[in-house]
Structure formats: structure tokens, C-alpha cells
Amino acid sequence: MTEASEIRPKKLFIKTYGCQMNVYDSDRMADALAPHGYEPTPVIDDADLVVLNTCHIREKASEKVFSELGRLAELRREGRDFMIGVAGCVAQAEGEEIARRSKAVDMVFGPQSYHRLPELVARVGRGEKVVETEFPPEDKFEHLPAASPRVIRSRGLTAFLTVQEGCDKFCSFCVVPYTRGAEQSRPLEQVLAEARTLVAAGVRELTLLGQNVNAWHGLDAHGRSVGLGELCARLGELEGLARIRYTTSHPLDMTDELIAAHRDNFKLMPYLHLPVQSGSDRILKAMNRRHTRADYLAVIDRIKAARPDMALSGDFIVGFPGETEADFAETLSLVHEVGYASAFTFKYSIRPGTPGADMDDQVPEPVKAERLARLNALVTRQMRDFARSCVGRTLDVLLDKPGRLPGQLGGRSPYLQAVHLEAPEHLLGTVQQVLIVGAGNNSIEGKIVTHAEPKGASVIESQAFA
Ligand code: SAH
Ligand code: SF4
Ligand code: F3S
């Protein structure tokens with residue numbers, strides 16, 4: 001008998017909360033366990049191991065974990081036999097507390113320990129209850145196995161690639177510096193190697209991820225320090241890769257080099273998520289954002305000078321401690337001034353251990369809710385206006401998934417809008433010029449104008465994976 005055939009196939013169910021980084025991490029956890037016989041299942045009832053990959057960013061996000069753990073404990077009481085792991089940012093922040101509060105949990109482990117997952121599972125198998133929230137000395141990325149081409153392909157034609165983790169900025173509302181640790185960049189060659197593997201398996205669009213992705217820096221072959229613009233240039237050389245995106249950026253790290261890349265690198269998409277949080281200088285200062293409203297607007301001017309068709313998205317927090325109606329009006333006026341293609345809006349949520357939690361003048365909940373509603377009305381209008389402004393334009397659309405109806409495909413515009421159109425299946429994975437003919441609430445509709453047949457890498461890929 002070979003070693004592989006001795007491994008009994010087991011089923012892994014991972015539930016992912018939070019940001020794209022957790023989505024990426026969940027896949028890497030699955031990759032770490034694959035050589036040990038674990039196959040992903042979408043059905044929790046089939047699972048031998050359930051992992052909750054958690055988010056700590058707002059109180060609601062954290063609470064979800066405990067209610068989900070309650071449900072899992074109930075399943076176990078009903079006689080279902082499976083292992084329960086809690087990963088991600090709540091695990092990192094509240095490791096011991098989770099283990100204490102939920103007896104059903106077998107292991108709690110933070111984001112820097114994912115390469116050790118097989119070992120942690122083995123320890124649980126030996127009857128241990130595991131809490132692993134130290135930051136290990138070794139680089140997890142050196143130890144995480146790559147997914148097979150078949151698995152990469154099954155995850156789709158677009159992929160996330162984490163290039164940077166952690167944050168040193170310490171905005172006064174935010175838990176990330178505590179849950180993800182100090183800012184760290186993955187080495188250039190390590191990132192390029194992973195990108196090559198993804199692209200060779202058929203990935204056409206990469207989104208580089210980091211809590212402060214534009215703070216990424218590395219050393220090139222000559223030992224020179226390079227930034228994200230250079231990384232994107234090197235990725236641009238990968239034949240077969242059609243598009244590059246990155247998220248999330250901090251305004252202070254939009255360097256000249258990166259902005260120039262938006263002018264020079266045609267694979268870099270003209271869509272940028274650049275959170276500002278507030279339009280009031282007083283609140284930005286209290287948030288420890290270390291930039292003013294004018295700084296933010298100046299960054300946008302520089303970006304638009306390099307790439308006039310750049311569309312922007314942002315994050316906003318309403319009701320930060322001390323925020324007055326006048327401060328909030330400044331946020332509304334900033335949103336008017338910038339004009340966003342998309343935006344994410346949040347009520348300030350008190351996070352224990354952050355400076356914001358101890359500030360006086362916490363804003364009452366109804367005031368936060370009322371401000372959020374006003375801000376949402378504005379950004380929803382802007383998002384709709386942006387979608388409508390695309391009608392009549394011809395946009396490059398990457399056809400990346402099957403459509404809702406037979407004879408249709410789904411795609412993404414340069415601005416990350418979902419696009420629906422009539423197209424034959426063999427065009428999956430190609431970029432087509434599409435005339436936009438309609439705009440709905442969450443997607444736009446188009447018609448292919450010039451019909452570019454698949455060529456080069458994508459043909460070989462689709463044959464290889466047919
Ligand atoms: N690194 C990114 C943001 C990471 S967190 C940046 O610097 O912009 C994602 C978003 O969650 C933030 O942009 C912020 O808008 C929101 N957020 C973070 N902490 C929050 C809190 N305590 N309450 C409400 N929203 C919060
Ligand atoms: Fe959080 Fe600020 Fe760091 Fe973004 S820059 S992750 S908001 S501390
Ligand atoms: Fe949440 Fe952690 Fe991401 S707190 S937003 S999962 S970095």
C-alpha cells in the first residue's frame with residue numbers, strides 16, 4: 001500500500017468572515033491540509049473539521065463567532081463528531097477567552113500559524129486542546145504548500161495574493177495592528193513565484209492584498225529597495241496575466257512610483273480603493289490617520305493626473321467619538337467633492353484595547369444610525385450615477401464566470417463592476433470589448449463589440465483544464 005492510499009479522505013468546512021485577506025487565508029489553510037487528506041466540502045454536516053476564520057474589526061463581526069460556536073456545540077451535543085477550530089483575527093485577539101467560553105472548541109490559532117495547522121490537528125487528535133496565538137519566528141509563507149493547478153483553476157480565473165500583512169499605523173479606532181501584528185512585506189521573489197504558479201494554472205487577474213498593501217516594499221535582484229509599482233511592473237511581464245489590482249491602500253503610501261505605475265502599466269486597473277474614513281480634519285486627527293482632508297484630495301489629484309479615468313472607492317466611519325454634526329457635514333462634502341464609484345460605510349464600533357474605546361464623547365447609537373443613513377443615501381446615488389455613466393461606453397471586460405442563463409457569461413469591468421452579457425462559453429477567460437447597454441443596482445449589462453478569439457496562454461489553459 002502506498003502512503004497516500006493509507007490516508008482516509010476527510011472533509012474540511014471553512015467559514016470565512018471579514019476581509020479578502022481572510023478569503024485568501026482560508027484557501028491557504030485548505031492547501032495546508034490537502035496533503036493530509038482533507039478535502040473541502042460546502043456542507044457543514046459532512047465535515048470532519050470545521051474552521052471558523054474570524055474577523056474582529058467591529059463588535060458585530062466578533063459576536064457572530066460566538067453565536068456560530070453555539071450552533072456547532074449544539075450539533076456536537078446531537079452526536080455529530082467533528083473537530084472545531086477558530087482561526088483569524090478574533091482567535092488572535094481573544095484566544096484564551098474563546099477556549100474558556102466555548103468548551104466545544106478544540107483549537108484556536110492566529111493568522112501567523114496557518115502553516116502549522118496539520119500539526120495542530122494532530123495535537124487535537126492526541127486529546128490536547130490547542131491555543132496558538134504567539135507570532136512564530138518562521139515565515140509561514142515559506143512553509144505553506146502551493147495549491148495544485150486543478151485546485152487553483154477550480155477557484156476561478158481571478159485570484160487574491162497576499163503580499164503584505166500587518167499594520168504600524170495604529171488608527172485609534174482599529175484592531176488590525178493588534179490582530180495582524182507589525183507591518184511585513186513578503187519578499188519580491190516569493191510573491192513572483194506564487195504569481196507564476198497561479199498564472200500558469202490559468203488565473204487571468206490578480207488582486208494583491210495587504211492591510212496596507214501600498215506600503216509593500218522589497219529588494220530586487222540588485223539589492224535595491226523597490227515598491228509596489230515595481231512589483232506590479234514585474235507581474236505585468238507574466239504573459240497570460242491580463243489584469244492587476246491591489247487593495248487596501250493608505251493615502252500616505254501612494255508614492256510617486258506607484259502613481260506613475262498607473263500611467264505606465266496598462267495591466268493595472270483604473271480602480272482604486274483608497275479609504276479616508278472622515279472628511280473632517282479634527283476627526284482625522286483624533287483617528288490618528290496622520291493625513292488631512294487636503295492631503296487626501298491632493299493624492300487623488302496626483303492619481304487623476306497620471307490616470308484620468310481612475311475610479312475611486314472608499315471606506316467611511318460615522319460617529320467616531322467627538323464627531324459633531326459639522327464634522328459629519330465635512331464627510332458629506334468630501335464625498336461630494338471626490339465622487340465615488342463605490343464606497344463602504346460603517347458606524348463606529350468601540351473596540352476594546354484601542355485608544356478610541358477610552359475617548360470621551362462617544363456618539364449615541366441613534367445619531368450614528370441617522371448619519372449612516374444620510375451617508376448611505378449619498379454614496380448609493382453616486383454608485384448608481386457611476387454605473388449609469390458607463391452606459392454607452394465600450395469597456396474591456398474579463399469574462400470570468402458562467403452567466404445566469406444559458407448562452408450568457410459573467411465578467412468584470414475595469415472598475416470591478418459585475419457585467420452580464422451574451423457570449424459563447426469558449427470565450428471564458430478572455431478580455432472582450434463590451435458596449436455597456438444598461439445599468440442595474442448591482443451590475444451592468446453589455447454586448448460584445450469586437451469579438452477577440454482566445455489566443456496564446458488562455459487557449460492552452462482551457463485545453464489543459466477541459
Ligand atoms: N487598512 C485599511 C482598512 C482596514 S479595516 C485602511 O487603512 O483603510 C477596513 C475598514 O473597516 C476600515 O477602512 C474602516 O472604515 C472600518 N473600520 C475599522 N475599524 C472600525 C471600527 N472600530 N468601527 C467601524 N468601522 C471600522
Ligand atoms: Fe487599521 Fe489604520 Fe492600519 Fe488601516 S491603516 S489597518 S485602518 S490601523
Ligand atoms: Fe477583519 Fe482581520 Fe480582515 S479584523 S477586516 S479579518 S484583517
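Biologist: Which residues are around ligand 2?

Modeller: This is a predicted model. In the model, the residues around ligand 2 are C167, K169, F170, C171, F173, C174, V176, P177, N212, H250 and R289.

Biologist: What makes a residue count as near a molecule?

Modeller: One of its heavy atoms must lie within 4 Å of the molecule. By class, the ligand 2 shell holds seven nonpolar, two polar and two charged residues.

Biologist: Which residues surround ligand 3?

Modeller: C19, N22, T54, C55, H56, I57, C89, R180 and Q211 surround ligand 3. Their classes are four nonpolar, four polar and one charged.

Biologist: And ligand 1: how many residues surround it, and which are the closest?

Modeller: The shell has 15 residues, with F173, Q211, Q277, D315 and S349 the closest. Six are nonpolar, four polar and five charged.

Biologist: Why is the pair between Q277 and ligand 1 called a polar contact?

Modeller: A polar side-chain atom of Q277 lies 2.7 Å from an oxygen atom of ligand 1. The cut-off for a pair of N or O atoms is 3.5 Å, so this pair qualifies.

Biologist: What about F173 and R289?

Modeller: A polar backbone atom of F173 is 3.0 Å from a nitrogen atom of ligand 1. For R289, a side-chain N or O atom is 3.4 Å from an oxygen atom of the ligand. Both values fall within 3.5 Å, so both pairs are polar contacts.

Biologist: How much of the accessible area of ligand 1 does the protein cover?

Modeller: It covers 90% of the 540 Å² that ligand 1 has on its own. Strand 15 (311–318) and strand 16 (342–347) each give two or more residues to the shell.

Biologist: Why is K140 called buried?

Modeller: Its relative accessible area is 2%. Buried means under 20%, so K140 is buried. K140 has its place in helix 6 (residues 140–143).

Biologist: Which residues is K140 in contact with, leaving aside neighbours within four places in sequence?

Modeller: D25, P111, Q112, H115 and E165.

Biologist: What makes a set of residues a nonpolar core?

Modeller: They are buried residues of the listed nonpolar types, joined through side-chain atoms within 4.5 Å. The largest such core has 55 residues, and L208, L231 and L235 have the most contacts inside it. L235 touches L192, A195, L206, L208, L241 and I244, not counting residues up to four places away in sequence. Another core lies apart, with 23 residues, among them L69, L75, A91 and I98.

Notes:
Residues numbered from 1 in each chain as written. Chains lettered and ligands numbered in written order. Predicted model: local features only at pLDDT ≥ 70, side-chain atom pairs only at ≥ 80, totals over all residues. Heavy atoms only, no water. Polar contact = N/O pair within 3.5 Å; in protein donor to acceptor, adjacent residues only side chain to side chain. Areas by Shrake-Rupley, 256 points an atom, 1.4 Å probe, with all protein chains shown as cover. Helix = DSSP H or I, 4+ residues; strand = E, 2+ residues; numbered from the N terminus. Nonpolar A, V, L, I, M, F, W, Y, C, P; charged D, E, K, R; others polar. Buried < 20%, exposed > 50% of the residue type's maximum accessible area, 1.4 Å probe, protein only. Contact = heavy atoms within 4.5 Å.
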